[in-house]
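Colleague: I've got a model open and I'd like to learn how to read it. Can you walk me through a few features?

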Amino acid sequence: MNKSASKVLFIVTTGDEETFRASMLNASNLLASDVPVKFFISQQACHFFTRKKLDEAPDGPTTVKGRLSDTMKLGADIIICRTAIANYGLGPADFIDGVDATKGWMDIVDDQTDPATKVVWVG
């Protein structure tokens with residue numbers, strides 16, 4: 001990672017499970033190396049954090065559920081875009097515990113422009 005960057009912001013918009021799982025694995029590796037990680041989840045990716053989706057998902061270390069669980073246990077900060085939530089007719093109660101479903105794009109502007117933050121787009 002760039003020497004001036006000390007934290008990572010993943011902006012995830014994909015509905016593709018393989019891509020989503022890869023971003024969670026990369027985040028877990030960073031977190032295990034003591035690099036703070038924040039996720040901003042928007043568009044189709046917000047569905048990966050719903051109670052319904054995860055209740056129906058298979059268990060296992062390499063599944064969406066397993067990768068997400070590992071990343072959250074390691075301390076990732078996860079924000080679900082409130083605009084995406086509204087666009088899909090969801091509400092904060094539809095999401096799993098441990099995510100912030102109250103913020104939007106303007107809440108991460110400072111993170112995106114902070115020289116200490118490496119921004120990674122996944123989508």
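Modeller: Happy to; keep in mind that this is a predicted model. Let's begin with strand S1, residues 7–12, which is mostly covered, with five of its six residues buried.

Colleague: How should I think about side chains along a strand?

Modeller: In a regular strand, side chains alternate between the two faces of the sheet. Here, you can look at what sits beside S1 as well.

Colleague: Okay, which strand pairs with S1 over six bridges, and in which sense?

Modeller: That's strand S5, residues 117–122, and the pairing is parallel.

Colleague: Now the helices. How do I read a helix's contact face?

Modeller: An α-helix has 3.6 residues a turn, so residues three or four places apart point the same way. Now try H1 (residues 17–32) and H3 (residues 64–73): they pack at an angle of about 25°, with their axes 9 Å apart. That angle makes H1 roughly parallel to H3, and H1 passes H3 in a left-handed crossing.

Colleague: Which residues meet in that contact between H1 and H3?

Modeller: From H1 you have Glu17, Phe20, Arg21, Met24, Leu25, Ala27, Ser28 and Leu31, and they meet Val64, Arg67, Leu68, Asp70 and Thr71 in H3. By type, the residues of this contact split into seven nonpolar, two polar and four charged.

Colleague: Which residues of H3 are buried?

Modeller: Val64, Gly66, Arg67, Leu68 and Thr71. An arginine is on that list, Arg67, and Arg67 also takes part in the contact with H1. The buried residues of H3 pack against H1, strand S2 (37–41), helix H2 (51–56) and strand S3 (77–81).

Colleague: What should I look at just after H3?

Modeller: Check the backbone at Gly75, which takes a positive phi of about 105°.

Key
Residues numbered from 1 in each chain as written. Predicted model: local features only at pLDDT ≥ 70, side-chain atom pairs only at ≥ 80, totals over all residues. Heavy atoms only, no water. Axes fitted to C-alpha atoms, helices over the stretch in contact; angles between N-to-C directions. Helix = DSSP H or I, 4+ residues; strand = E, 2+ residues; numbered from the N terminus. Parallel < 35°, antiparallel > 145°, perpendicular 65-115°, else oblique. Left-handed = near helix turned anticlockwise from the far one by under 90°. Contact = heavy atoms within 4.5 Å. Nonpolar A, V, L, I, M, F, W, Y, C, P; charged D, E, K, R; others polar. Buried < 20%, exposed > 50% of the residue type's maximum accessible area, 1.4 Å probe, protein only. Pairing = 2+ DSSP bridges.
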